[in-house]
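Colleague: I would like to learn how to read a model like this one, feature by feature. Please give me the general idea first and then the case.

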Amino acid sequence: MKFICSQNDFNTNLSLVSRAVPSRPTHPVLGNVLVIADKDSQHISLIAFDLSLGIQTSFPAEVKEDGKIALPAKLLGDIVSRLPDGEITITVKPDEDDEEERSLTTIASVSGTFEIKGMKAAEFPELPSINSGESLKLPINALTEGLKGALFAASPDETKQILTGVHLTKNTDSLEFAATDGHRLAVVETPLDPAETSDTTFNVTIPARALRELEKILTMNHNADFICLKVDESQVVFQIGEQKLTSRKLEGAYPAYGQLIPKSYSRNVTLERKRLISSLELVAILADQKNNLVKFTLDEDKGQLALSVESPDVGSAKQFMGAEINGDGGEIAFNVKYLMDGLKALNSSSVSMQLNANTEPVIFSPLGGLKMTYLVMPVQIRK
């Protein structure tokens, strides 16, 4: 195998697929990236796969000889990222002195050469493919908006597997994203043009880790309008341009999150989003790290919201801001982090806070723009 390519192209695409290389591979070959040189298409393909998440990409190169080889991902990345700009030449030949018959790969640039040993391509597992099941086109802007508004709320707790994913529901004219960690819930509904997409409906729970990598792939494809999604009983495959991402679905029933959202509210508060975020950032400096608590005090007569924190070991802080309050005032407390995460995802100038009793779920939603519901559970205030 022999090809010549730009250092930038190789480094960019290698960085992309390397995110699917496990830090502690269960089998040595999984710590590698599969490199495929195709003389007919004059393209190089790179593949990484941890048996759950797989990423494939390709880029143009001057291919002199066809071939495949699995190369150690971290070592290859460390070398290529430090090479100077310009062309690099990669040549693979059998190492006659190696008892395991591994191939010797030479990486040459204007500054010098490296030689590293690779593994046989035949040892590298194939990426899953979907030949049956659902297949549809999704608008990239709808997918991007949904991921931005929901991904942050997925649980990091691996013992709650189903909650580590985002539940994606395809309706005839909309795409709904939902994520929850048991303390908060984010639901985003993005519109679809029925003329541009099929009338197929489905729902699937996809690991948040895979979707975070998908976000990065989407940023590399500025000129594309659609992405292809294929779904079968166990896998999902996203394909866009030269990039492909495969992931196992999460098994099990996703919580019936619609039942958690109140049908009516006794109080409604309208707030300026950026002012609320900056006020929260100020008082959060003194928030007790144990409970990270911020207290809201609503004064309907003054049309004012007071945000306060108290930390016995450090001190206290209070900030005031205007608020349009419909209903009774009172006090309610939240985890600062949960509140900040949601407000940063609500992309509008003003937000609505809808609530009932001080121990019941509170809903934040943007006024205009993205159709998003952010539910956060209040924290009990100890007198």
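**Helix packing**

Modeller: The buried residues of α2 pack against α1, β2 (32-38), β6 (67-72), β8 (103-109) and β9 (112-117). Buried means under 20% relative accessible area, exposed means over 50%, and partly exposed lies in between, with a 1.4 Å probe and protein chains only. Contact means heavy atoms within 4.5 Å. Helices (H or I, at least four residues) and strands (E, at least two) are DSSP runs, numbered from the N terminus.

Modeller: This is a predicted model, in which local features need pLDDT of at least 70 and side-chain atom pairs count only at pLDDT 80 or more, while totals for chains, interfaces and linings use all residues. Residues are numbered from 1 along each chain as its sequence is written, and side-chain values use heavy atoms, with hydrogens and water left out.

Colleague: Which residues of α2 are buried?

Modeller: They are A73, L76, G77, I79 and V80.

Colleague: At what angle do α1 and α2 pack?

Modeller: Axes are lines fitted to C-alpha atoms, for helices over the stretch in contact, and angles run from 0 to 180 degrees between N-to-C directions. Helix α1 (residues 7-18) and helix α2 (residues 73-82) make an angle of about 145°, and their axes are 9 Å apart. In the contact, Q7, F10, N11 and L14 of α1 meet L76, G77, V80 and S81 of α2. These residues of the contact divide into four nonpolar, four polar and no charged. In this count Ala, Val, Leu, Ile, Met, Phe, Trp, Tyr, Cys and Pro are nonpolar, Asp, Glu, Lys and Arg are charged, and the others, Gly among them, are polar.

Colleague: How do I read a residue in a loop, and where is D181?

Modeller: Find its place, then its accessibility, then its partners. D181 is in the loop between β12 (174-180) and β13 (184-191). D181 is buried, at a relative accessible area of 8%. A polar contact is a pair of N or O atoms within 3.5 Å; within protein, one must be able to donate a hydrogen and the other to accept it, and residues adjacent in sequence count only if both atoms are side-chain atoms. The side chain of D181 reaches the backbone nitrogen of H183 at 2.9 Å, and a polar contact of 2.9 Å joins the side chains of D181 and R184. Leaving aside neighbours within four places in sequence, D181 is in contact with A153, A154, S155, K160, L163 and Y338.

Colleague: Is L229 buried or exposed?

Modeller: L229 is buried, with a relative accessible area of 0%. It lies in strand β15 (residues 226-231). Its C-alpha atom is separated by 8.0 Å from that of E134, 95 residues apart along the chain. Beyond the neighbours within four places in sequence, L229 has contacts that include E134, L168, F202 and V237.

Colleague: What is the phi of Q42?

Modeller: First the background: most residues other than glycine have a negative phi. Q42 has a positive phi of about 55° although it is not a glycine. Q42 is found in the loop between β2 and β3 (43-49) and is partly exposed, at 28% relative accessible area. L51 also has a positive phi, near 80°. L51 lies in the loop between β3 and β4 (53-60) and is partly exposed, with a relative accessible area of 36%.

**The whole chain**

Colleague: How many helices and strands are in the chain?

Modeller: There are six helices and 26 strands. The C-alpha atoms fill a box of roughly 85 × 55 × 35 Å, taken along the principal axes. Of the 383 residues, 49% are buried. Among contacts between residues at least 6 apart in sequence, 66% join residues at least 24 apart.
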